[in-house]
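Here is my notebook from a first look around a structure that may be new to you. Come along and follow each entry in the viewer.

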Amino acid sequence: MKALVAVKRVVDYNVKVRVKSDQTGVDIANVKMSMNPFDEIAVEEAVRLKEKGVVTEIVAISCGDAKCQETLRTAMAIGADRGILVETTEELQPLAVAKLLKALVDKEQPQLIILGKQAIDDDANQTGQMLAALADLPQATFASKVEIEGGKAKVTREVDGGLETLAVSLPAVVTTDLRLNEPRYVTLPNIMKAKKKQLEVVKPEDLGVDVKPRLKTLKVMEPPKRGAGIKVPDVATLVDKLKNEAKVI
Amino acid sequence: MTALVIAEHDNAAVKGATLNTVTAAAACGGDVHVLVAGHNAGEAAKAASQIAGVSKVIHADSEAFAHGLAENMAAQVLALAGSYSHILFPATASGKNIAPRVAAKLDVAQISDITKVDSTDTFERPIYAGNAIAIVQSADEKKVITVRTTGFDPAAATGGSAAVETAAATADSGKSSFVGQEIAKNDRPDLTAAKIVVSGGRALGSAEKFNEVMTPLADKLGAAIGASRAAVDAGYAPNDLQVGQTGKIVAPQLYIAAGISGAIQHLAGMKDSKVIVAINKDEEAPIFSVADYGLVADLFTAVPELTQAL
């Protein structure tokens, strides 16, 4: 079966971003960018399913500016067979991405679509669910285990309080949680091989999708700063402070 | 203008997160209705009708809602969506699962994890692991929202007297089914609602040590236990205890972080706590930059000593 994986280029998770002084957004000029960590897990899962013989072809998709090609090359170095870039300089919100992915799902007809559960920049946690809704497919979000058997995916999900297992009929949309797997490191030979893999570039107009943002960001602010704390020399002082100064115990 | 809150419940009682969501819904202006969709959930509907500020409870009962499957729940919400300007879910695993599905079917943007309602169409939400707060304005006719529960006070669970109306249940989608669950048994207060949270990190070294050191302190304080991702990944604590960007977001009165360095992703889940205490050997650990009280000490001596002293 064919698997489709969506990957997003985001500010590297180790970077502490700063809000621009004019409050129009965060300053991402000259900061390190990488593949969204949850998407790495998604690509890894697709590759593992291919290694098990369940999946035959993996198509990686990214939406955004031309630099997203790097992210697709990374996905192909991990093991994706080919890549599709939906190129636009417009700000893309989850609904727009879900519509772009829906158009590609219609075209590619995959049996399994894997996304990360959320991107660490907008922290939305929406795209997978929205894609499932638009394509009228079942969804299995926050997956920590995926088994494909008999036209169904049996997925264990991380929910509040523990784990839950669902069976969804294929095709289906799965979004990955942190504990689904540990993504492999890409090796130099695989990076070289990835450069030869096919990377198709399409525009939102080619797919007939209007990507205009629906939410307008009026302002981006620094979160409220915490007052400077103090260091206490020992446990007795700590207990005294908590009881008499902070009055929390 | 009327807001619909999708209740999270266990069929018998309404979960705490619903109460915070009602407060957020009231801030959007207009009446607040609550949908209780479940299987034999009459008791939960009755409980919802007593929440202060709720003017109507809609109860939809069907076996299809027994496990809150997103496909079935979203269909039920959509069947009612026509008469509402705002549709709000708590930003829990369940709310996050269903809300975007509803939004996409309505062809509207969804607004995730709001922490403040500025006006009927303008909301505040944290981005980049809480390192920035975005004020966003929705141009859509209907607002589909998930509410970060720590951003809003809970509505009073009693004092209301809303009418309970029964709605026809939508059909089972047949696309997904519930197989089973493993819910961790826990006598402690719920992590996201606890007044005090004690959290352990990688420095605990093993699951045995984690329990040995953290449990007595939690017992003494009547606190919930949390953990950093490092502790969860190493298997010292179950993953539903994870506090952070990808785990639970907590804002208790007192948060005690023991053996947690304070990575950005962990801070995202706890930095709105009223008082933060850090116990760490490494005086350079980033956790000290957000801690109100820091103790540079070996947690294996300091935490038992603290338990003793309380």
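My entries below go through a core, a strand with its partners, and one threonine.

**Entry one, the core.** I kept in mind that this is a predicted model. I looked up the largest nonpolar core and found 54 residues in it. Those touching the most other members include Ile61(A), Leu100(A) and Ile113(A) from chain A, and Leu35(B) and Phe89(B) from chain B. I then checked which element gives the largest share of this core: it is helix α3 (residues 94–108) of chain A, with nine residues. In general, nonpolar side chains tend to be buried together in soluble globular proteins.

I listed the contacts of Leu35(B), leaving aside neighbours within four places in sequence. Among them are Leu4(B), Val5(B), Ile6(B), Ala7(B), Ile58(B) and Leu80(B). Gln76(B) is on the list as well.

I turned to strand β4 (residues 57–64) of chain A and found seven of its eight residues buried. Strand β1 (residues 2–6) of chain A pairs with β4(A) in the parallel sense over five bridges, and there Lys2(A) has Glu57(A) as its bridge partner. Strand β5 (residues 82–87) of chain A also runs parallel to β4(A), joined by six bridges. Here I saw Gly64(A) opposite Glu87(A).

Is Thr2(B) buried or exposed? Its relative accessible area is 17%, under the 20% cut-off, so I wrote down buried. Thr2(B) sits in strand β1 (residues 2–6) of chain B.

Conventions
Residues numbered from 1 in each chain as written. Chains lettered and ligands numbered in written order. Predicted model: local features only at pLDDT ≥ 70, side-chain atom pairs only at ≥ 80, totals over all residues. Heavy atoms only, no water. Core = buried A, V, L, I, M, F, W, Y, C linked by side-chain atoms within 4.5 Å. Buried < 20%, exposed > 50% of the residue type's maximum accessible area, 1.4 Å probe, protein only. Helix = DSSP H or I, 4+ residues; strand = E, 2+ residues; numbered from the N terminus. Contact = heavy atoms within 4.5 Å. Pairing = 2+ DSSP bridges.
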